[in-house]
There are 2 protein chains.
Amino acid sequence: MKIYSSSVAPNPRRVRIFLAEKGIQVPFDDVDITKAVNRQPEFRRNINPLGEVPVLELDDGTHIAESVAICRYFEESHPHPPLFGTGAVERAVVEMWNRRMEFHLLLPVAQTFRNTSDFFKGRIPQVAEYGEVCRNAAEKSYEWMNEELAGRRFIAGDRFTIADITALCAVDFGRVSKIRIKPEHRNLARWREEVSSRPSAKA
Amino acid sequence: MKIYSSSVAPNPRRVRIFLAEKGIQVPFDDVDITKAVNRQPEFRRNINPLGEVPVLELDDGTHIAESVAICRYFEESHPHPPLFGTGAVERAVVEMWNRRMEFHLLLPVAQTFRNTSDFFKGRIPQVAEYGEVCRNAAEKSYEWMNEELAGRRFIAGDRFTIADITALCAVDFGRVSKIRIKPEHRNLARWREEVSSRPSAKA
C-alpha cells in the first residue's frame, strides 16, 4: 500500500492530516507536480486518468483517487477516532459540513489560485476575472464561518472531524493567493489556532 | 420529516432519484427558486444559511443540507439496496466515482449554466468566458466517460450506485446549456439509456 502524493498541494495534505489523526502510517510516493508528472500519459494510464493526486494504491493494485474517498477507506478500516461522525444523523451533519467546506471554502480558494497564479499560466485556460469572483466568494465564506464558529468549537460541532481538516487546508492554502483571516474574524482565528496546534497539522 | 426542494434544479433531483431507488417516501416542500425564496433572510436564518436546496428537515428540527449528506442519512437508515457500496474498498470506489462525477461532470455543467444563462443574469456575477471553459471541460469529461463505460455497465462498476444518479442528473442538466452526448459516444449513450429507463429516473 502507498499513496501518490505531493508535499505542496492542499488535497494531499488533507489525507496526511487525516492519517496523522488516526495514527496510521502509509508510505508516500511524492509526485513532482511542478514538472506535471501527474499529467503525463503514463500516470493517467496507470494511476489516475484525471491526472490528480492524491491516489491510494492498495496491495492488489486498486487505485482510489479523491482525498475524501481515501479518507473514507481508512475510516472503515480504522474507525477510531471517528472523523466522519457516528450514527446516521451525526454522519450526515459531518458530511454536510465537509461538503460546505469543500464547495464554499476550498473550491473558491483553489479556483482563485488556478485562475490568477503564475503556476497555472499556460497549463490551464485561466480567467482572471473569474479568479476575482472566487476570491470574493472565499472572503464571504470567511465572514460566514466566523459567525458560525461563534457558537461552537469545531466546524461540525464539538468534535474535531474531517470538516476541520478540509477547512484548515483551505484557509492555509488561501494565503498563497493573499486570502487571509481578518483581525475582526476572532472566532475563525480562534478555531484556526486550535486546529493548527494539533500535532496532525504538521503532517 | 420533509425535504425543501425544487422541481427544476438538478441537485434536488439527485435526492428524489435516490429515495425512489430505496423505495422511501418523504414529503417534499417545493421552494420557488425562480422567485429566489431560498435566498431570502428567512430561509437562510431558519433552514440553510447558504440559501440552497435540497434541505432535509428531521422531526427534531435538525436541518441536513447538501444532496449527498441527505442521501447518506437515508443510506444509514435504509441500507438496502446499497447505493454507496458495501465494504471498505467498494465504498471508497463509489465515493471516488461519485466525486469524479460531481467535480468533472456536474460542476462544469452547472458552472456553464450559471455563467452563461439568462436565469442567473443579475443574480450572480457571471463570467461568460469562464462558462465556455466549463463547457469545454464538460465535453472533455463526456469523451472520457465514454471511454470508461466501454469496460463496464455502470459508472462505478457492475452495480447501480449514487455515482450513476449524479452523472445522470449532470448529463440531463447539461442539455439546458446545449451540452449533449454526441452520436459517437455510444457507450455513454447506452449507459444513459439504461439508467433513464429505471422508474427512479422519473422522480
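This is a predicted model: local features need pLDDT of at least 70, side-chain atom pairs count only at pLDDT 80 or more; totals for chains, interfaces and linings use all residues.

Me: How do you know that the same surface serves both copies?
Reply: Compare the contact residues: 100% of those of chain B recur in chain A. Contact here calls for C-beta atoms within 7 Å, and by that test 28 residues of chain B touch 29 residues of chain A.

Me: Which elements of chain B give two or more residues to that side, and which gives the most?
Reply: Strand 4 (63-65), helix 3 (67-77), helix 4 (88-116) and helix 5 (128-148) of chain B do. Helix 4 of chain B gives the most, with 10 residues. Sorted by class, the side of chain B that touches chain A has 17 nonpolar, three polar and eight charged residues.

Me: What is chain A built from, and in what order?
Reply: Seven helices and four strands. From the N terminus on, they run β-α-β-α-β-β-α-α-α-α-α.

Me: What makes strand 2 and strand 4 of chain A edge strands?
Reply: The open sheet of chain A has four strands in the order 2-1-3-4, with mixed pairing. Strand 2 (28-30) and strand 4 (63-65) of chain A each have a single partner strand, so one side of each has no neighbour in the sheet. On average, neighbouring strands of this sheet are turned by 25° against each other, direction ignored.

Me: How do you know that strand 1 and strand 2 of chain A pair?
Reply: Pairing takes at least two bridges, and strand 1 (residues 2-5) and strand 2 of chain A have three, in the parallel sense. In strand 2 of chain A, A:Asp30 is the bridge partner of A:Ser5. Helix 3 (residues 67-77) of chain A packs on the sheet, where it touches strand 3 (55-57) and strand 4 of chain A. The direction of helix 3 makes about 120° with that of strand 4 of chain A.

Me: And in chain B, which residue stands opposite B:Tyr4?
Reply: B:Asp29, in strand 2 of chain B. Strand 1 (residues 2-5) and strand 2 of chain B run parallel, joined by three bridges.

Me: Last one. Why are helix 6 and helix 7 of chain A called roughly perpendicular?
Reply: Angles of 65 to 115 degrees count as roughly perpendicular. The axes of helix 6 (residues 162-174) and helix 7 (residues 186-196) of chain A cross at roughly 105° and come within 11 Å. Helix 6 and helix 7 of chain A are therefore roughly perpendicular to each other.

Me: Which residues meet there?
Reply: A:Asp164, A:Leu168 and A:Val171 from helix 6 of chain A meet A:Arg192, A:Val195 and A:Ser196 from helix 7 of chain A. By class, that contact has three nonpolar, one polar and two charged residues.

How values were computed: Residues are numbered from 1 along each chain as its sequence is written. Chains are lettered from A and ligands numbered from 1 in the order in which they are written. Axes are lines fitted to C-alpha atoms, for helices over the stretch in contact, and angles run from 0 to 180 degrees between N-to-C directions. Angles under 35 degrees count as roughly parallel, over 145 as roughly antiparallel, 65 to 115 as roughly perpendicular and the rest as oblique. Two residues are in contact if their C-beta atoms, placed from the backbone, lie within 7 Å. Ala, Val, Leu, Ile, Met, Phe, Trp, Tyr, Cys and Pro count as nonpolar, Asp, Glu, Lys and Arg as charged, and the others, Gly among them, as polar.
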